[in-house]
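Good morning, and thank you for coming.

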Amino acid sequence: MRIGQLIPAVLYAHVMDRQGITAAHNAGRQDVVDNQVASLAMECRDDLLEAAVVLDALALCHGHGGSYLPRPYQETSTPVPSDVELRTDASNVAGELARHDQQHGTSTTGDIPAPLEDGCTDNDRDAVRSYARREWITQQERWPG
């Protein structure tokens, strides 16, 4: 029952955020538009960080090492082991976090690894996952409780 109430509330909040930005833009209030867009960018970053660490934790539950799927990956009829898929997904989202932090200067720990590109190595994937963990730990230390 609660999830049925949460989804409409979240969707409504997103619609109202967009209406607020639109109204501010139409009124020529660039300061309000800039503030709200910056807030949305931070929410996006928070979403990327949370998704990256959840996927990373799930991947770690399936083992601390192993390979990744190549980038780009071509679907085949051969099933992919769940540990490989989880590691790959975790690194893909962490790579997007790294890209976001480079573009917006939102890293809290610095030393942002290169975002993942086609042909990236397992070491590149490990680096972005490690980066996401550092960012998460730092965020948790700053906001205890």
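**Overall form of the chain**

The protein chain has a radius of gyration of 18 Å, whereas a compact globule of 145 residues would have one near 15 Å; the radius is taken over C-alpha atoms, and the globule rule is 2.2 Å times the number of residues to the power 0.38. Please note that this is a predicted model, in which local features need pLDDT of at least 70 and side-chain atom pairs count only at pLDDT 80 or more, while totals for chains, interfaces and linings use all residues. Residues are numbered from 1 along each chain as its sequence is written, and side-chain values use heavy atoms, with hydrogens and water left out.

Along its principal axes, the C-alpha trace spans about 55 × 40 × 35 Å. The chain has four helices and zero strands, where helices (H or I, at least four residues) and strands (E, at least two) are DSSP runs numbered from the N terminus. Of the 145 residues, 26% count as buried, that is, under 20% relative accessible area, with exposed meaning over 50% and partly exposed in between (1.4 Å probe, protein chains only).

**How the helices pack**

Two packed helices are described by the angle between their axes and the distance between the axes. How do the axes of helix α2 and α3 cross? The axes of α2, residues 30-61, and α3 come within 8 Å and cross at roughly 155°; axes are lines fitted to C-alpha atoms, for helices over the stretch in contact, and angles run from 0 to 180 degrees between N-to-C directions. The two helices are therefore roughly antiparallel, on a scale where angles under 35 degrees count as roughly parallel, over 145 as roughly antiparallel, 65 to 115 as roughly perpendicular and the rest as oblique.

The axes of α2 and helix α4, residues 122-142, come within 9 Å and cross at roughly 115°. That makes α2 roughly perpendicular to α4. The contact (heavy atoms within 4.5 Å) is made by residues including Arg45, Leu49 and Asp56 of α2 and Arg129, Tyr131 and Trp136 of α4.

Leaving aside neighbours within four places in sequence, Ser91 is in contact with Tyr68, Leu116, Arg125, Val128 and Arg129.
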